[in-house]
Amino acid sequence: MDVLNDKEVMALKDVVKLVEIAGSTLGDAEKKYIKENHMLPGKRGKSYFLSYEEASVWRLVQEACNCPDAVMPHRSNVNRYVLQKRFNAPVGIHGKSGSLCVCVTVIYDVQDQRVVTAFPSR
């Protein structure tokens, strides 16, 4: 996990705990958003998961929430955090470059205590 200082370490640990809970209870609205934007056929220019099976995608998102490799503040929204999990095999296709993605990125809103979105990334 990426760490900056002691205060931020404690905050990040709290965020990881909250995200773990949210990831295991991914809401219908969030699932619908992820499905419409990041599963085939998907939207032009957006990264999409390789799997057609929703259950497989939800497992990837849950794993990213439960065991992130990196946790960092969102660059433009102070209420959000970015979690990333790297996998050993490709999990998706990058929307702009068309290259294989081996990471899953999850955006988590601390204020609303919910996963906002999740998508494959490089």
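Predicted model: local features only at pLDDT ≥ 70, side-chain atom pairs only at ≥ 80, totals over all residues.
Visitor: What makes up the chain, in helices and strands?
Guide: The chain has three helices and seven strands. From the N terminus on, they run α-α-β-α-β-β-β-β-β-β.

Visitor: How much of the chain counts as buried?
Guide: Of its 122 residues, 39% do. Buried means under 20% relative accessible area.

Visitor: Why is Val-57 called buried?
Guide: Its relative accessibility is 0%. The cut-off is under 20%, so Val-57 counts as buried. Val-57 is found in helix H3.

Visitor: What does Val-57 touch, leaving out residues up to four places away in sequence?
Guide: Met-39, Phe-49 and Ser-51. A contact means heavy atoms within 4.5 Å.

Visitor: Why is Phe-119 called partly exposed?
Guide: Its relative accessible area is 22%. Buried needs under 20%, and exposed needs over 50%. The value 22% lies in between, so Phe-119 is partly exposed.

Visitor: Where is Phe-119, and which residues does it contact beyond four places in sequence?
Guide: Phe-119 is in strand S7. Its contacts are His-38, Phe-49, Cys-103, Val-104, Thr-105 and Ile-107. Phe-119 and Asn-37 are 82 residues apart in sequence, and their C-alpha atoms are 8.7 Å apart in space.

Visitor: Thr-117 is in strand S7 too. Is Thr-117 buried or exposed?
Guide: Buried. Its relative accessible area is 9%, and the cut-off is under 20%, so the word applies. Not counting residues up to four places away, Thr-117 touches Tyr-33, Ile-34, His-38, Thr-105, Val-106 and Ile-107.

Visitor: How do you know how many disulfides there are?
Guide: A disulfide is a covalent bond between the sulfur atoms of two cysteines. Here the test is a pair of cysteine sulfur atoms within 2.5 Å. By this rule the count is zero. Cys-101 is in no disulfide, and its nearest cysteine sulfur, that of Cys-103, is 8.0 Å away.

Visitor: Why are Cys-101 and Cys-103 called buried?
Guide: Cys-101 has 0% relative accessibility. Cys-103 has 5%. Buried means under 20%, so Cys-101 and Cys-103 both qualify.

Visitor: What does Val-106 contact, leaving aside its neighbours within four places in sequence?
Guide: Its contacts include Val-61, Ala-64 and Cys-65. Tyr-81, Val-82 and Leu-83 are also among them.

Visitor: What lines the largest pocket?
Guide: Met-72, Pro-73, His-74, Arg-75, Ser-76, Val-82, Gln-84, Thr-105, Ile-107 and Phe-119. Strands S2, S3 and S6 each give two or more residues to the lining. The pocket holds about 230 Å³ of space.

Visitor: How many of its lining residues are nonpolar, polar and charged?
Guide: Five are nonpolar, four are polar and one is charged.

Visitor: What makes the peptide bond from Leu-40 to Pro-41 stand out?
Guide: The bond is cis, with omega near 5°. Most peptide bonds are trans. Pro-41 lies in the loop between helix H2 and strand S1.

Visitor: What is the phi of Gln-113?
Guide: Positive, at about 50°, although Gln-113 is not a glycine. Most residues other than glycine have a negative phi. Gln-113 is in the loop between S6 and S7.

Visitor: Why is Gln-113 called partly exposed?
Guide: Its relative accessible area is 49%. Exposed needs over 50%, and buried needs under 20%, so Gln-113 is partly exposed.

Conventions: Residues numbered from 1 in each chain as written. Heavy atoms only, no water. Buried < 20%, exposed > 50% of the residue type's maximum accessible area, 1.4 Å probe, protein only. 1 Å grid on protein atoms, 1.4 Å probe; cavity = no way out; pocket = protein on both sides within 12 Å on 5 of 7 lines; lining within 4 Å. Points joined across faces, edges and corners; volume = space filled by probe spheres on them. Nonpolar A, V, L, I, M, F, W, Y, C, P; charged D, E, K, R; others polar.
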